[in-house]
Amino acid sequence: MGERTRNDRVVVLRKTKLGESDLILTLLSSDGSQIRAVAKGARKPKSPFSTRLELHAVSDVLIAQGRSLDIVKEARLVAGHQGIRSSLERAAAAAPILELLWRVTQDGLPVARLFELTCASLDAIEDAPVEAAPRIAAASLLKILAFCGFRPSFSRCVLCGRALEFRAGFDVAFSVQEGGVVCADCRTQCETVPVDAATIALARELLASTFQDIRGFQPDQPGAFSVLSLAQQWTREHAGCSLKSLNFLFTCGLF
């Protein structure tokens, strides 16, 4: 009886060394689920996998079903995203995207449009001006969380549903536990933290905008990092993890 194989288009999220020359790969499947597979001999200098299964790469693969882990039999590079790996700034901005996907995706649990979103995120970080990388990363994290069922509310009170308007220069009551902004009347009913209205406005705009539109936003590094901080709090509360690569981005001094 022949081995069972399947073709898929994947994004490489994570690589772990196995033995002397193999790799365990964590992959995002085209249906938005997670795949863990072994690429045998991938760490050998002359391996055909060495350039086709790098981090950030999009590849067409032939995968055979294994006992505990699947096995990558063939790989053809579709988009290498070399521009990310060759730039420390772009790589630092892209790393939280891959880490979040590794944390929130699951084997056998498809997430519609997540693969397309991921490819668009990586394309945007590679092609946009380097100073736009933090805000593209912030938008990507918010969009991934929303696609995976953790969409924050930036426009309506999460308790009563009332539409809210924010004044520049003022703080907004925000409840990470409840899922978004809270009106003045409901503030006493849950735990909230003050968040600058400009941060909420930018987060709402990033969540709703295309990456092409985001490239044209006016440079605002403090604003982008404020949204990234909000995304970190959101991830910690709703995905149950803290993104180490995002902590590095906060402290590396690259932007």
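Predicted model: local features only at pLDDT ≥ 70, side-chain atom pairs only at ≥ 80, totals over all residues.
**Entry 1: Phe49**

I started with phenylalanine 49, which counts as buried at 9% relative accessibility. Where along the chain is phenylalanine 49? I found phenylalanine 49 in the loop between β3 (34-39) and β4 (58-64).

Next I looked up what phenylalanine 49 touches. Leaving out residues up to four places away in sequence, phenylalanine 49 touches Ala39, Lys40, Ala42, Val72, Lys73, Glu74 and Ala75.

I looked up where they sit. Histidine 81 is in the loop between β5 (70-79) and α1 (82-85). Arginine 113 is in the loop between α2 (88-104) and α3 (114-127).

Buried or exposed? I checked histidine 81 and arginine 113 in turn. Histidine 81 has a relative accessible area of 3%, so I put it down as buried. Arginine 113 comes out at 60%, so that one goes down as exposed.

Helices now. I had to remind myself that two packed helices are described by the angle between their axes and the distance between the axes.

How do helix α4 (residues 133-147) and helix α7 (residues 221-238) pack? I get an angle of about 30°, with the axes 8 Å apart. Angles under 35 degrees count as roughly parallel, so α4 is roughly parallel to α7. The crossing of α4 and α7 is left-handed.

Then I listed who makes the contact. On the α4 side I have Pro134, Arg135, Ala137, Ala138, Leu141, Leu142 and Leu145. On the α7 side I have Gln221, Ala224, Phe225, Val227, Leu228, Ala231, Trp234 and Thr235. Sorting the residues of this α4 and α7 contact gave me 12 nonpolar, 2 polar and 1 charged.

**Entry 2: α2 against α8**

α2 and helix α8 (residues 244-251) pack at an angle of about 160°, and their axes are 8 Å apart. Over 145 degrees counts as roughly antiparallel, so that is how I describe α2 and α8. The crossing of α2 and α8 is left-handed.

From α2, the contact uses Ala92, Ala93, Ala95, Pro96 and Glu99. From α8, the contact uses Lys244, Ser245, Leu246, Phe248 and Leu249. My tally for the contact of α2 with α8 is 7 nonpolar, 1 polar and 2 charged.

**Entry 3: cysteines**

How many disulfides does a search of the whole structure find? The search comes back with 0.

I looked at cysteine 119, which is in no disulfide. The nearest cysteine sulfur to cysteine 119 belongs to cysteine 148, 15 Å away. Cysteine 119 counts as buried, at 15% relative accessibility.

For a disulfide, the two sulfur atoms would have to be within 2.5 Å. Cysteine 241 is buried as well, with a relative accessible area of 8%.

Methods
Residues numbered from 1 in each chain as written. Heavy atoms only, no water. Axes fitted to C-alpha atoms, helices over the stretch in contact; angles between N-to-C directions. Helix = DSSP H or I, 4+ residues; strand = E, 2+ residues; numbered from the N terminus. Parallel < 35°, antiparallel > 145°, perpendicular 65-115°, else oblique. Left-handed = near helix turned anticlockwise from the far one by under 90°. Contact = heavy atoms within 4.5 Å. Nonpolar A, V, L, I, M, F, W, Y, C, P; charged D, E, K, R; others polar. Buried < 20%, exposed > 50% of the residue type's maximum accessible area, 1.4 Å probe, protein only.
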